[in-house]
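The exercises below are to be worked with the sequence and the coordinates at hand. Each task is followed by its solution in steps.

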Amino acid sequence: MSIAAPASQSGTLAEVLGVFRRIASTFTGTMGLFIVAMVISAAIFAPWITPYDPDALDVMRRFQNPSATHWLGTDHLGRDLFSRLIMGSRIAMAVALSAIAIAMITGTLLGIAAASLPAHIERIILILFDVIASFPSLVLALAVVAVFGPSTQLVVVIVAVTLIPVFGRVARAQVLTINNAPYIEAERLLGASYARIVVSHLLPNIAGPLVVLASMEIPVVITIEAGLSFIGLGVRPPLASWGTLIYDGYAYLSDSKLPVIIASSALGLATLGFTLFGEALRDAVDPRLNRDH
Amino acid sequence: MIETARYLASRLVTTALIVFGAMLLLFTLSAIVPGDPASALLGPQATPEYRAQFIKDMGLDRPFHERLLVFFGNLLTGNLGTDILSGKPVWSIISSVLPFTFILTFAAIGLAVLLGVPLGCFAAVRRGSIFDHILAFISVAFIAIPSFVIAIFLLLIFSIWLDWLPVLGEGKSGDWLDQARRLILPTTALAVGWIGFIARLVRTSMLEVMGENYIRTSRAYGLSERLVTYKYALKNACIPTIAILGMGVGRLLGGAVLVEIVFSRPGLGRLIFDAIATRNYPVLQGAVFVVVLIFVVTNLLVDLSYSAIDPRIRRQAGREAMPR
């Protein structure tokens, strides 16, 4: 039996490049990668890409058709749709990434704690996970938002809380498997502290599955944010979220169908892209997780 | 056996805790409404006399722990309180819209099973064919795109451009044909993601089952391929699918909220939305409580049926993207 530590999954640049090469080796993976790259660059470079101030009103030019001056036309207040769409990607990514980061950190810590602490504490943490996972997240979000009023930060917190068990359970399961590995046993015999084992062995080894999970949850969070904003309970106008763009377009459907079509297509395309990317990443990092093959 | 009993006990305890947690959350929310609850509920126009009466009626002048006990006692006896706007009991308001949500949800699940199972089965039989590849892509697209986006596109295409189906509302009461026609688009919008999800699940589990020994044996006995595939294999491939469907109830209810709003259909979702808009907290609390109750009870039933049918099913769930 070898007691050598396995190579860390989230390691060198070469390994990361290898993962991306495997993602790009399939049609759906390439498509996902392309859409994700577009959305992320739009989010990062939004202030430089947007031709107009996304909130600038120009009521004389409302409901304009796409043209050289307004690439995707204008909305009911004459605001440039292309600029608002680009800013929307920023909101979507900000909400998704911050909610997932909070959930991933909290969930991983709780998961490691559950796997490492005495059985009765583990049981309490697991029950906590079950309780949180048992609430329908959108309905929970509606109830909380109804009381505190719509706010972007609140959406982030609610979504983060509902995602904690997702990460916590995977982290715990991974740690339980690794905890019994001979090389961890060897580290312990050599006198390594638990903190050292966690930082230098457990975290690097559970990072892969957690990153896959995070990427697969991104479209879910984008959908919740857009859904809440669509019914006026998420991001507040005039801030341009894809959900508020769809809401505005839907309210003025009789005047112009274009805004709602463009905004819905953007949202649909983004969620599709992130889903394709997430699944391709899962297959590239750990083919065993896909039961199709 | 002890393992099963233990699992059963822990599931029941968790369920009780969840319901308790939901009740506590709802009470806390009503207790921490920014500003004082009376003005939040009655609005700024209420006269001081009416406010005083209201505070007395609602028991807001009593100490916190007493209010908590009364709230829990009421919920346990099925008393969800009274709607301040109409004066009707909250439960009667909820039960009047509940059938609409149930019909929509069940119609959507039915449609998803009706289309998803044959599609997935067909894809498994023709594994690697063009049909299989196209279906694989369409399934992901269906799963990934939010149901309210699909609802909007269906509405644009079939109601506005083609003018084939009526757009909004639930239809005239008593006119079954009209009601059924108005159910088509919302049902489809809600079902689309699940069609993709079920097709994928059935395909995967068909491929697993087709590799089993008993399938090889039945082939060796000379049974026709059709009989082996559609009778013996499909039957076993469907069990995990049906069980996993139960997990989707929560998401389906969440999706139903948005779809009901897009098509302005009455239902639990619409009720919650309207209650938020009018700051009608008793109705909001009652409706959210009922949704959580439906969700938790369905999850419990599904979980128990898992362990009765095949405990391995649990592990299969949660690795695939689910409809939004």
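**Exercise 1.** What percentage of the residues of chain B count as buried?

Solution. The model is predicted, so local features need pLDDT of at least 70 and side-chain atom pairs count only at pLDDT 80 or more, while totals for chains, interfaces and linings use all residues. Residues are numbered from 1 along each chain as its sequence is written, and chains are lettered from A and ligands numbered from 1 in the order in which they are written.

Step 1. A residue is buried if 20 or more other C-beta atoms, placed from the backbone, lie within 10 Å of its own, exposed if 12 or fewer, and partly exposed in between.
Step 2. Chain B has 324 residues, and 40% of them count as buried.

**Exercise 2.** Describe the secondary structure of chain B and the place of K88(B) in it.

Solution. Step 1. Helices (H or I, at least four residues) and strands (E, at least two) are DSSP runs, numbered from the N terminus. Chain B has 14 helices and zero strands.
Step 1. K88(B) lies in the loop between α4 (64-76) and α5 (90-125) of chain B.
Step 2. K88(B) counts as exposed because it has 12 C-beta neighbours inside 10 Å.
Step 3. Two residues are in contact if their C-beta atoms, placed from the backbone, lie within 7 Å. With neighbours within four places in sequence left aside, K88(B) is in contact with D83(B) and I93(B).

**Exercise 3.** Find the residues with the most contacts inside the largest nonpolar core.

Solution. Step 1. A nonpolar core is a set of buried Ala, Val, Leu, Ile, Met, Phe, Trp, Tyr and Cys residues joined through C-beta atoms within 7 Å.
Step 1. The largest such core has 167 residues, and I272(B) and A287(B) have the most contacts inside it.
Step 2. Helix α3 (residues 81-116) of chain A gives the largest share of this core, 17 residues.
Step 3. Leaving aside neighbours within four places in sequence, A287(B) is in contact with I94(B), L268(B), L271(B), I272(B) and A275(B).

**Exercise 4.** Classify the packing of α6(A) against α8(A).

Solution. Step 1. Axes are lines fitted to C-alpha atoms, for helices over the stretch in contact, and angles run from 0 to 180 degrees between N-to-C directions. Helix α6 (residues 152-179) of chain A packs on α8(A) at an angle of about 155 degrees, with the axes 10 Å apart.
Step 1. Therefore α6(A) is roughly antiparallel to α8(A). Angles under 35 degrees count as roughly parallel, over 145 as roughly antiparallel, 65 to 115 as roughly perpendicular and the rest as oblique.
Step 2. The crossing is right-handed; a crossing is left-handed if the near helix is turned anticlockwise from the far one by less than a right angle, and right-handed if clockwise.
Step 3. Residues making the contact include V159(A) and L163(A) of α6(A) and L210(A) and E217(A) of α8(A).
Step 4. By class, the contact has 17 nonpolar, two polar and two charged residues. Ala, Val, Leu, Ile, Met, Phe, Trp, Tyr, Cys and Pro count as nonpolar, Asp, Glu, Lys and Arg as charged, and the others, Gly among them, as polar.
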